[in-house]
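Subject: Structure for you to look through

Hello,

Please find the structure below.

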Amino acid sequence: MGSNDNKLGLKETFSMASGFAIGSGVITLTGLAIGRTGRSVVLAYLLSAGMFLLAVIPVLILASVYPVRSASYIYSAQLIHPRVGGFYMFVYFLGRLTIAMFSISFAQYLAALIPGIDQSLVAFSVLTLFYLLNLFGLKWAARMQNIMFATLVIALLLYVAAGMAKVDLSRYFTGTDFFVAGGNGMFSAASLLFFAVGGAGVLVDFGSVVRHPAKVIPKVVVIVTIMVTVLYALLSIVAAGLLPYEQVAYQPLTNSAAAVFGKGSMMYLLFIIGGALLALTTTLNSSFVWYTNAMMRGCEDGWLPKILSRPNRYGVPWRLTTLFYLFGLVPILLHMDITLLGKIAVGLTTFMWIIPQFALVHLPERLPKRWAASRYARLPRWSLYLMSMVSVLLYGAQSIANFQGNPKEANICIIGYLLLVLGYVALKKKIPDQADLSQVDQVDPDTDG
């Protein structure tokens with residue numbers, strides 16, 4: 001029992017997963033998804049959630065049987081091969097272009113309150129501010145998280161409630177603003193929204209601190225994903241249903257918020273500040289911590305210089321934090337279009353998620369005792385291959401959908417980066433040894449109990 005005292009129960013896990021799921025994704029991506037499919041964005045949200053829940057099954061099983069922190073890297077490196085873990089880490093790194101996306105989107109929403117503001121300067125300033133704050137390991141964000149999260153949820157619910165009262169649902173599903181790019185546009189929008197609806201999946205990276213993970217993690221991920229999808233689907237009806245397509249396509253939610261509340265009203269300001277800006281700043285702030293923690297294990301394993309993971313006096317790996325800061329500056333200084341940035345970042349993220357799915361088929365051999373004691377041991381071996389392949393196909397199709405339509409030069413750079421990484425990982429002489437899992441292959445009564 002003592003080992004459970006510091007672990008998260010169902011209530012705490014549900015709260016944490018909700019915090020991961022409700023955030024900047026809906027703020028940054030809804031307008032881009034409307035641009036791809038029009039008012040059918042509501043169906044894109046539902047389709048995206050269905051695909052996510054199907055694709056995430058292999059990792060949920062892995063997290064149930066072998067709950068660890070930095071799970072995706074560990075599964076790739078320990079259950080498949082250390083070189084696969086190295087490849088995952090470098091793909092993960094490039095996908096963190098999202099940190100620039102949050103900064104640029106913040107500038108767009110602030111420009112709705114302060115017209116004419118230099119958006120590049122704002123994006124640079126907000127990224128720099130949270131970089132500097134994170135160097136000192138400040139704890140204020142953790143203490144304020146519940147208050148900020150509650151404010152964010154209230155702002156989104158007010159937007160939905162007030163907006164739904166003004167949307168003419170009898171005419172919403174008709175007209176030329178529905179399925180503006182056909183089936184391809186619908187799937188493209190759903191692929192982009194994967195980032196928004198799939199936030200609860202991050203919970204698998206915290207499996208080692210969850211009590212009864214085999215029961216709690218799958219249950220919480222499914223319930224939170226469904227709840228968030230319903231909220232986002234209703235929000236998307238408001239975002240797409242009050243104004244003509246041309247005024248909301250590829251735009252932030254400021255235009256529709258003005259139609260809902262009246263531009264300049266107190267409710268409008270609450271939505272922009274308490275909803276959009278707060279979602280983006282909290283996500284941007286936590287991203288420095290999340291990204292560096294995810295990369296530290298790879299640095300310690302030697303894929304990047306170990307010195308990057310060494311902390312400063314405040315316990316912060318400042319060199320790695322600085323690396324992400326510089327990485328986030330590049331799209332801002334290049335004045336990169338947020339639509340292109342979003343497609344590249346989400347495309348790389350979904351491609352990254354392909355890699356650990358293959359670990360499921362190796363789980364019974366690498367951790368036989370844990371597997372035999374789990375509720376999944378009754379599954380036939382072929383079903384593990386089937387679930388992994390379905391997941392890979394879903395993630396792969398969405399990656400392709402996000403890369404389609406990109407400038408040729410952008411895709412050439414991505415492919416070139418991936419080829420260089422493959423070459424480096426394949427030829428690197430000194431790599432971590434294949435992990436000896438005998439010490440962790442013990443039946444933990446908390447895992448499946």
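The axes of helix 2 (residues 24-37) and helix 15 (residues 266-300) cross at roughly 115° and come within 7 Å. Axes here are lines fitted to C-alpha atoms, for helices over the stretch in contact, with angles running from 0 to 180 degrees between N-to-C directions. Helices are DSSP runs (H or I, at least four residues), numbered from the N terminus. Ser-24, Ile-27 and Thr-28 of helix 2 make the contact with Ala-276, Ala-279, Leu-280 and Thr-283 of helix 15, where contact means heavy atoms within 4.5 Å.

This is a predicted model, in which local features need pLDDT of at least 70, side-chain atom pairs count only at pLDDT 80 or more, and totals for chains, interfaces and linings use all residues. Residues are numbered from 1 along each chain as its sequence is written, and side-chain values use heavy atoms, with hydrogens and water left out.

Next, the aromatic rings. The count comes to 23 aromatic pairs. Rings of Phe, Tyr and Trp (its six-membered ring) pair if their centres lie within 6.5 Å; planes under 30 degrees apart count as stacked, over 60 as edge-to-face and the rest as tilted. One of the pairs is Tyr-92 with Tyr-291, edge-to-face, at 6.3 Å centre to centre and 90° between the planes. Tyr-92 is in helix 6 (residues 82-95) and Tyr-291 in helix 15, 199 residues apart. Both Tyr-92 and Tyr-291 are buried, meaning under 20% relative accessible area, with exposed over 50% and partly exposed in between (1.4 Å probe, protein chains only).

Phe-194 and Tyr-395 also pair edge-to-face, 5.7 Å centre to centre with 85° between the planes. Phe-194 lies in helix 11 (residues 182-197) and Tyr-395 in helix 20 (residues 381-403), so this pair ties together parts that are 201 residues apart in sequence.

Tyr-92 and Tyr-291 belong to one aromatic cluster with Tyr-88, Phe-93, Phe-324 and Phe-327. The charged end of Arg-96 sits over the ring of Tyr-291, 5.3 Å from its centre (this requires CZ of Arg, or NZ of Lys, within 6 Å of the ring centre and within 35 degrees of the ring normal).

Last, Ser-64, which is found in helix 4 (residues 57-65). Ser-64 counts as buried because its relative accessibility is 1%. The side chains of Ser-64 and Tyr-376 are joined by a polar contact of 3.4 Å; such a contact is a pair of N or O atoms within 3.5 Å, one able to donate a hydrogen and the other to accept it, and residues adjacent in sequence count only if both atoms are side-chain atoms.

Regards

Terms used:
Helix = DSSP H or I, 4+ residues; strand = E, 2+ residues; numbered from the N terminus.
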